[in-house]
Amino acid sequence: MSDNSTIFLLSWDQLGLEAVVNVSDLEKEVLWNTLQDKKGSNKIGQIVTQLMMRARYNPQRHYEIYAITVAEGITEEDIRTMFENDPQGSAELVRERGNKIFSDRVQLSQVKIT
């Protein structure tokens with residue numbers, strides 16, 4: 001991560017964007033606690049584990065979890081607005097530029113109506 005970027009963890013399903021987590025802020029908190037000799041938990045690991053469990057126990061919702069790096073100044077609200085305004089385009093952009101952590105995405109060729 002460069003000094004001018006922020007990492008976000010995103011989770012969405014067929015109903016829309018569910019989680020936007022600023023990982024960069026959590027990393028700073030962990031570093032600060034380490035410098036102060038404070039014990040802290042691995043919040044990032046816990047969040048990823050919780051998102052993965054939610055995705056695996058709700059396969060009917062076809063979750064996707066990605067990490068993305070964005071320019072400094074882009075906020076959680078900016079990402080939420082982007083997904084509200086253009087959910088499909090936003091998901092495609094994240095898939096193209098982000099790092100996939102989990103995907104239970106259904107390919108259109110596999111969708112069957114019975």
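This note walks through the fold, the surface and the salt bridges of a predicted model.

1. **Overall layout.** The chain has four helices and four strands. Read from the N terminus, the order is β-β-α-α-β-α-α-β. Keep that order in mind for the points below.

2. **Burial and surface.** The chain has 114 residues, and 31% of them are buried. Its accessible surface comes to about 8000 Å². Carbon and sulfur atoms supply 50% of that surface.

3. **Contacts along the chain.** Take the contacts with a separation of 6 or more. Of these, 69% are between residues 24 or more positions apart.

4. **Thr-6, a worked example.** Thr-6 sits in strand 1, which covers residues 5-13. Is Thr-6 buried or exposed? Its relative accessibility is 11%, so Thr-6 counts as buried, since buried means under 20%. Which residues does Thr-6 touch, leaving aside neighbours within four places in sequence? They are Asn-22, Ser-24, Ile-68, Thr-69, Val-70 and Glu-72.

5. **Salt bridge Arg-54 to Glu-18.** The structure holds seven salt bridges. In one of them, the side chains of Arg-54 and Glu-18 meet at 2.5 Å, N to O. Arg-54 belongs to helix 2 (residues 43-57) and Glu-18 to strand 2 (residues 16-22), so the pair ties together parts 36 residues apart in sequence. Both ends are partly exposed: Arg-54 at 36% relative accessibility, Glu-18 at 26%.

6. **Salt bridge Glu-64 to Arg-95.** Here the closest N and O atoms are also given as 2.5 Å apart. Glu-64 is in strand 3 (residues 64-71) and Arg-95 in helix 4 (residues 87-97). The two residues are 31 apart, and the pair links distant parts of the chain. Glu-64 is buried, with a relative accessible area of 2%. Arg-95 is buried too, at 18%.

7. **Salt bridge Arg-80 to Glu-76.** These side chains meet at 3.0 Å, N to O. Why are the two residues separated by about one helical turn? Because they are four residues apart in helix 3, residues 76-85. Arg-80 is partly exposed, with a relative accessible area of 24%. Glu-76 is partly exposed as well, at 36%.

8. Which residues do they join into one network? The members are Asp-13, Glu-18, Arg-54 and Arg-61. Arg-54 and Glu-18 are the pair from point 5, with their 2.5 Å salt bridge.

How values were computed. Residues numbered from 1 in each chain as written. Predicted model: local features only at pLDDT ≥ 70, side-chain atom pairs only at ≥ 80, totals over all residues. Heavy atoms only, no water. Buried < 20%, exposed > 50% of the residue type's maximum accessible area, 1.4 Å probe, protein only. Contact = heavy atoms within 4.5 Å. Areas by Shrake-Rupley, 256 points an atom, 1.4 Å probe, with all protein chains shown as cover. Salt bridge = Lys/Arg side-chain N within 4 Å of Asp/Glu carboxyl O.
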